Each structure stands twice: as structure tokens, then as C-alpha cells.
Amino acid sequence: MSKVLRKTLSDELHRRHGYRTMEAKIKPVHIANALMRVEHQCVGRMNVLEQLFIATHRKNSTEQRIAAVQTMITTQKERWGALGQVTDVRNSALMTKVLPLIRTLLGADGAAFGNTPEMSSFSSPTALTVTADPSDDGAGAFMHRLWGARGTERLDILDLLAELTDPNKKAADMDDLSALLAPLVEGTREKKVTSSFAAEDLSSGFSAVEAELRRAAIHLAAYERKLNPNPIATLQRVVLLAGLSVFMHASTRPHERGGLERRFLLLDSSGEHFSPVAQASTRCVAQLVNDASEYLSIVLSDLLESAHPNWTSNPLGAINALLEAGGHAPFDGRAKLARRIKESIEETNDPDEIRREVCEELLREIEGNQRRGLDGYLRMLGIRSGFLYPAQKNPNKRLNPSDRTLEVMVMATVDAKLPPVEYRDFLEQLCDRWGIVVGGRPGDAELIANGGANVPGRALRDNSERFLDRLESLGLARRLADSVAVVGLLEAAHA
Amino acid sequence: MQAVVASTPLGERVSRLIPTRIENDHLQRSQPLSVMGGKNNMSNDVREDERIRFIRLLYRNETAYADHVVVARLRELNIKTNLDDVVRKVVRAGGSIVITGNAGDGKTHAIRLMEKELKGADVVTDASELTYQVILQRWQAAREAKRPFCIAINEGPLVDLVRQYREVHPWLEEVREQLLRLVSYQPLEQDFDEEGETFKAMADTTVIIDLSHRQVLSDQLVGSMISKLTDDTWYESCASCPARRDCAVTYNRSMLREPVPRERMIKLLTSAGRKGRKVTFREALAFLSYCLFAGKSCEELRQAGTSEEVRYYWNAFEGEGAVFELLDAGLDPIKQTNASIDEHLWRGQFIPEQFVGHALMPLEQRNLDEISEQENRAATNEFGQLKRRWYFEHPEGRLLDFSEANARFAKLQDTQTPMAIRLGLLIKMINGWWNRSADARDDALRLWTKLTYQPRGRTHAMVSGLNVNRMRLRLYRPQLSPVLRRAFGRQPVTHLLLASADDPRYARLVVDPELIEGLMQSAFSDAQTPTTRRLTQFNDALSQYGDRSPDVRTIEVIDPQTEMRAAVVVDLVNRRYDSAN
């Protein structure tokens, strides 16, 4: 029952936004894998990798692992050079060091599993190792569409991604990791995936949030082009921007599609778990997450309405109509869920109250203990994108970006082609683009107070100063005299 | 109520800049007078001269603000630098000048004293008294009339003004650009014009003089400030003061004019200056004023006599403000342990006559163990006083620099040593920081790559197949723009850049004692430390300069968590492995 309803709701979210959020297992590496797959329209041929997986899977017996290594060596002798010319496989460098290290590298994001690579997403920079893993739940295709895979709207960031992950890259241009992985993959096979994207969002033009996210991608690409750093550093930032963009898009659905108030997040630089700023930041995140739950209720209500107009007069009938419309059997009126719904609406005739009670009850059933809804999705993606903190099971998250996340946010906010901007202008842009406040603008206290989080002005100013310190230590800002600072891509002038 | 009545807007402003110190005169007075300082029994007829008061109030009061002081007094306080010369040259050539910086850097002071140099120019002495519109009207009019314009303005308002009006007056953009380009980098081994002799003033140009780039705690300026504040002209009235003989100011002033304590004070302040934090002229003057007066009026000083708590070597570590904070971070002799010296001082095993000030304020030798048995705190206090005095007055007094990082930083700057050797030293440290498990090379910088799409991922496994040859790298040092070099003279080097020999703009590493300390004490980890941030960014930015072979690449793979490592040789052309070890 809950599975069926979860799928129905998940399908609806996919229809609306282009990605699903009901499994809450998303990781940036899934988005990376899917983005490469959509961009290059291919997946890797992985017979050798499959053997590598068997040879390095801890659950396999030593004999199984040795047999896999021997198969690797004998079937493709030319691939292993001196590494394959061993008599004692068990103690060979290949078996004891090289293969385990490669597996560790490929599984750095914890998304490489078991004996087969097909359902894994690898921490790899090349499309040679792309798999058909669907764990991104459509987020990769969504990002590919957002960044504009349609004619002139295509952004440079996609070209950058294509260049970085090109499976046919010249040997001399390969980064070290691609060079290490290249002998393990026989090439790629075609996999057409573009036609699958048909969501309401992005179907006709871009919303305000989507337009900002596209501008962010333009700015990050300009930064990467100008800096020309290690390609893997660039790739990590591009993928991280994709993760952040999905987070921002999903977290603003309650506002843009559900008509709820726009929320602002307070970035915590206090460095203390229990500071007023940290607590206010936690409250802002909690509010965002609550809105996500409320939005799911709205979506669910819309679904019931479409299945059964004026559904609040007969909630159980509406639920059954919804199930039947999806080709599923109606649920038993004597089931626990039905009883709980009946009880919750027994004492009221108010349609709004019935709507709220029934939707909450259904969501509890659908999400289960794992909180597999939009709220859980935001928490998970936020943590894994280095946006929210702490990463542990503590449900109280606050906005405390990691260094890399902060770099992406800053360089996706300012234009690297222009001179650095003044700090206060940067804070304005940060608020406009990401809905993030730091405490350095006159209106910040009021913005977060509107959301019920009160922080003394002095604490906010200190937070802003510490934020600037952090930007400075990342090389993204420079203090001039008299409290003036600039933010952006800073050049060291050459005499 | 009294406090409210006494409060003035300016006074409030001063108080905000310098944190309020908890006055504890009672505590100070109640402490036993030192054996050297006798209690004063003079009559109460002590009057504070206006000139002495002026110097005393440089600490936490309005005489520290040039706009509240008569020009004649400013002239007396003025410390001659090349700034006047630069301003004169620019104005004579028909150029305009913007003197900017932090509050307290001495902009108003400088401009008010340059009447002669600024003759013929439209001068805005204090921009805070005018609206932006008025300033711009005058500036624009001066430009149109091809007449020099000169303005003293804090950097905040200057940037504000440019920000608000650059669209109407596009020439303001040049001011902003200059502000961002006042420091540039040049190869360390290259000779350059440190004194800015090549600076040439030109007509119709605007010159930015940002006083915040002047290193106030340099030996030259500190020496001049000490000379100025201890000069006899300020203390003429002391000659007739009945409390003169037992006044701490007399002793403090005399000592700071003696070569040894003066040199030690300069050393102390220049060491503080090397910590990188900017100190304004006002803060430096406030510090010296406090050293002389302990923030006390003549009457309060009369009561304190020559007790230890009002002597310069004690005052230097007891006030409030930027300089005191810098000294508190490891430069106070009390906090510097030297077992042998400390033992001798504690046991009274020293020759009092060796202390420069002994003739004026005699030292008593005694074994503090004897006091500590009865009064531990008194013994500790007395030891602290002695240790501080030892630093300033004893021939062997010195600041202990235990930091190997400082020594290595100095070595990197030593152009007598070939550049290749100095670069090798630094490269070896960086290679060792990334990979402690192997012998670090010094001929090439190894570049590392770690891929996790999750920024806070826990895996530390990484690969390295590229090197940047030492010959492709270079050490650079910062240099001020020619006009600032001309105005400020030689400035201490607080950091260097390690960067590509071709282009230091982006692929650069700021090298200072803090980084070297980090390289020596820590190793690569994902912790968000300043050292990790700097080295990771440099490593990534340097990738484009890595030596790439199109045929074969040896890739080192390490996993610090399992301590597993392998070097794999990959045949890139045939896409196959060659060997591994």
C-alpha cells in the first residue's frame, strides 16, 4: 500500500519537476554518473571491471578472488604487461595492492557495490566508466536539461563537462585518474537517454529560481575556464554545482509551485554548535524542511482532487480512485490506515482540516520511518553536497558549507570575467541567487526574524566577519583597509 | 550622571576603537612598592602641563585625532617621511592625490601639515565633513580646470563614493583599479628599486596613497616615534615639577632614550609587526604613550611614585589595543621560558650594575624562593617584573625565537643562497606534507589528485602522476607600487609567493611562517585547516604546468587509511599497464 502510494507520489513529482525525491538515497556521485551518461549518451563496457569487482569484494572467498584475477590475466594478457607475469597470484602486487587500491578509488563516494559494476556509480572522472545506475532518480537528466541541451540555450558548463569526461580523450591530455582507469575499460556502448525528460518544470522557459541557477552555471564555467586548474578539481566543482542546483530547485518547489513563502537560510560561521547563529541557522533549515513536507501534502491533495473532485467529502473513496487510476487494487477499508484516517476526520467537517489530516496521515504511511520524502531528500542531498552540517544522524542540520561547497557557491555567484566585487555587493548577490544570508546586510536580522529565528545584531555582524575570514583563507576574498573587502577571482599582479 | 556629562561623541568613538580596560588602581596601589621605587612624599603641587597632557592623551583620547589638534602641535609631533616629498612632486607636476587608508593611519595629520606642498591644489582635509556630491563637484571642477586635487578619505567611504558614482564619473573606476593593484609581485632574486627612486609624477594623473600599506612597526618609524615622544621639548615643565625625581615618566623617558632599551623596544615592536596584522600610526603612538605614562595623569603618577606598575617595561605589556594584543601573543618575556636565565633571575644570581637603568632605579638581588615560601604571588610578580626589565635593560636580554618556521622563512629570503637550493627546501617540505610515507624529492613538486564527489567524503586515497619541475617554479616577493615605495621606503617582507615562473597570477602559494609551521607540524588530511586549504588550491591550480608524457605515466597511488601504496606504470598509447611496485 505505502509502496504503491509512494510510487504514485514519486511519479507525480517526476512529472512535475523531472526528478524523484521519494527514495532519499541521492548522492552527488549518482548525479555525476547520470550527467555523463546523458551528455555522452553511452555507458562503459565493463567486463574487466566486473572481474575486478569479484577479485576485490571482501565477501568473496580468497579462492574466488584469485580465480577472478587469473581470469583477468589470462583473458586479456596484453592489458597487464609485467603485472600479469606472475606465478604467485595470491601474493602478487596486482592482487594485494593495485586492484584493492583501484577499487578504493572507484568507491570513494560509497556507491560501488558487490560483485557487479552495473548498478554502481563510480568516483571516476571519465565517461568510460559510466554505468546505467538509476540512483540519481532523474536528477542528472534534470540538470542536463536545466543547463540547456537545446540548441543555443546550451551553457558552456556542459561543454566543459563533455571535455573533462570525454571517453575518447587523447592519452597525453588524460588526468592521472583517467590514465589509471583507462586500461580497465574496453570502450563504451551507446545508450540513448535524452527523450526521457518531459517534466512540467523546464518545459517552457525558466522560472526565477531556474534562471538564477543557470546564471550560477555560467559564472562557475567562466571561473573554471579562467583558472584552468586540475581537471578533476573542475569536474568535482561542476558536479557539486549540479548537486546544489538540484537542492535549491527542490527546496524552492514549495515556494515556486506550492505558493508558500520564500525562505532564507542563515549561513553559520560561528564555529560553535550552540551559538545563537548556529541555532538560528538550524531553525531556518528546519523551516525549509517543514515546507518540503507541506508541499508534499499539497501535491498529494492535488492528486486526490484529480482522482476524485471534492475529495474531502470522501477521502477513502478518493484514495481508492487514485489507486485504481494507477492500475492498482483499492485498499481494504478495514486496514489500519483506513481506521486512522476515519478517526482523524471523525470530529470535523472542515474541508481544510480534513485535507490536512488525511494528507499528513498518508505521508506518514508513505514516508515510513526512513523519512523518504522531499524533506529527507533535502537533508540527504544537503549533507552530501557539503551544504548542511552535521553529517551524522542528528536531525537538526544547519547551513555550514564545506570549503569546496563554499568555493562553488562563491564562484557561481560572482563573475570571474569582471573585477572582484565588494563584499557587501557579494552578500546581496548571495542572497538573490541562493537565498542565503550571513548577517552582514542591514536587513538580514529582519529576514530571519520573519522566519522565527532571532539573533542579536552583534552576533550576526560577528558571523559576517568570520565568514569573510573564511573566504579570505580560501583565497576568495581580500581585505583592503577600513573594513573594505573584495570577493572574487583574485589575481596576484605580476611586476 | 557624571559619566554621561563627561561623555562626548568623540570620546565615545575613541572608546569604541580601544576596548575599555578595567581600571584597578586600588589593586596596583595596594601591591607592595618595589624595593627600587620609593613612595613619594612630595607636596601636592603637581600641575600637568598642556604639552605633557597632549602626549599622555595619545592613549585613548582625542589628541590622537589630528582633526582635533592645532596644526602647530601636529607639526611638533610630526615624523618626517618621504610622503611630503611625494605629495609635493605630484602636485607640482599637476597631478591629483587621494590619501586613504584606515582610520588612524595619519591621513588628516599628513594633509594638514602639507599646506606648502599643496599650494595651488584644491584640498579636502577631511572628507567626512562633506557630502559625496560636494566632494565630486570639487573633484570634477579641479579635473576640468586641470588643477591638482587632494583629498584625505578613509578607504570605506572612498570605495562607497566610487561605487555610487562610477557610472556618472567613469574616471572613478581608475581609482578603484589602482586600489586593487597597489601590491604586485616580482621574482625574489631580481633587483628592484626598493626606495621608489624611479617614481615619476605626471600631470593629469591621480595618485593613490594608501597609508594602510605602510608598515608602521618598522625599525625606522618606531625609532622615530620613540625619539619624538621622549623628546625634551614635551617635558620642559618637568624641570620645575617637585615630583620629578621620583616620577616614573622621568625614568621611562630616560630609558627609552638609552641605546639598549630603545633598541630592544624597536626589536619588540618590529617583531610584532612581522606577524602581519596592520597597526595604525595612532595605535603605535598610543602604545608608546602608555609605555611612558601608564595612562595616568601627573597627579596619579605622583601617587604611584616609581612603583613597578608604572615603569615602561611593565606598561609595554599591560595596556589595551592592537599593539598590546600582538605582544600578548607570545612576545611578552614573561611568557618566554628560558630555563637558565629564568633560574638565575629567580635566585637573584645577576649583576645589578649590568642593567642599564640600575643607576636610576636600583635593582635588589634576592632569592625569590625565600619570598615564595610566604607569599607565592608576590614572588611571581617580582619575577615577572625582573624578566621584563631584563629583556629591555640587560646586555643579554633578547626575545627568544624558538620557531624553526621563522628561521626557514628567513632562509627562503636569503638571496645569498642559490634559488635552486631554497626552492628545493620548500618543495621537499611540500612533498613531505602530501606523502609522509616516501622520501620527499626536492627537484620537482609532485601533484596529487583525489576524487570524491562528496565534499566531506571520508576516503583519503589519491593518485599522483604529474610533477612540476623546480625550474618551472619561482619565489616572488610583494612590492608596493612605485609611489608607495617612494613614500614609505623599504618595507619588511611578511610573505612570499611560490608560483609558476611564467605567471604567478592564479597558480600561487602564499608562503609565510604560518604555512611553514603547518608543513612541519602536520600532514595531508581533509581537515579544513588553513594549511590544507592553501596547499590543495595551489596543487590544483598548478596542474597545467605539470610535465606530461604522451606515452607512459608512472602513477603513485596511496591510501593513508590502509597505508597501502603502489606505483603503477601505465602505457597510455596502448592503454595497458606495464608494471607496478
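Contact here means heavy atoms within 4.5 Å. On that basis, in this predicted model, 72 residues of chain B are in contact with 88 residues of chain A. Putting the two chains together buries about 6700 Å², and carbon and sulfur atoms account for 56% of that area. Three residues stand out on the chain B side: Tyr453(B), Arg575(B) and Tyr577(B) supply 15% of the area that chain B buries against chain A, more than any other three residues.

Across the interface of chain B and chain A, 37 residue pairs are in polar contact, counting pairs with both residues at pLDDT 80 or more. The salt-bridge rule picks out six cases between the two chains. One of them joins Arg424(A) to Asp160(B), with the closest N and O atoms 2.8 Å apart. As for where the chain B side comes from, helix H9 (residues 155-165) of chain B gives the largest share of what touches chain A, namely six residues. Sorted by class, that side of chain B has 31 nonpolar, 20 polar and 21 charged residues.

Thr449(B) counts as buried because its relative accessibility is 6%, and the cut-off for buried is under 20%. Its side chain makes a polar contact of 3.1 Å with the side chain of Asn230(A). Leaving aside residues up to four places away in sequence, Thr449(B) touches Asp176(A), Asn230(A) and Ile232(A) from chain A, along with Met462(B) and Val463(B) from chain B.

Conventions:
Residues numbered from 1 in each chain as written. Chains lettered and ligands numbered in written order. Predicted model: local features only at pLDDT ≥ 70, side-chain atom pairs only at ≥ 80, totals over all residues. Heavy atoms only, no water. Buried < 20%, exposed > 50% of the residue type's maximum accessible area, 1.4 Å probe, protein only. Polar contact = N/O pair within 3.5 Å; in protein donor to acceptor, adjacent residues only side chain to side chain. Buried area = accessible area lost by both parts, 1.4 Å probe. Salt bridge = Lys/Arg side-chain N within 4 Å of Asp/Glu carboxyl O. Helix = DSSP H or I, 4+ residues; strand = E, 2+ residues; numbered from the N terminus. Nonpolar A, V, L, I, M, F, W, Y, C, P; charged D, E, K, R; others polar.
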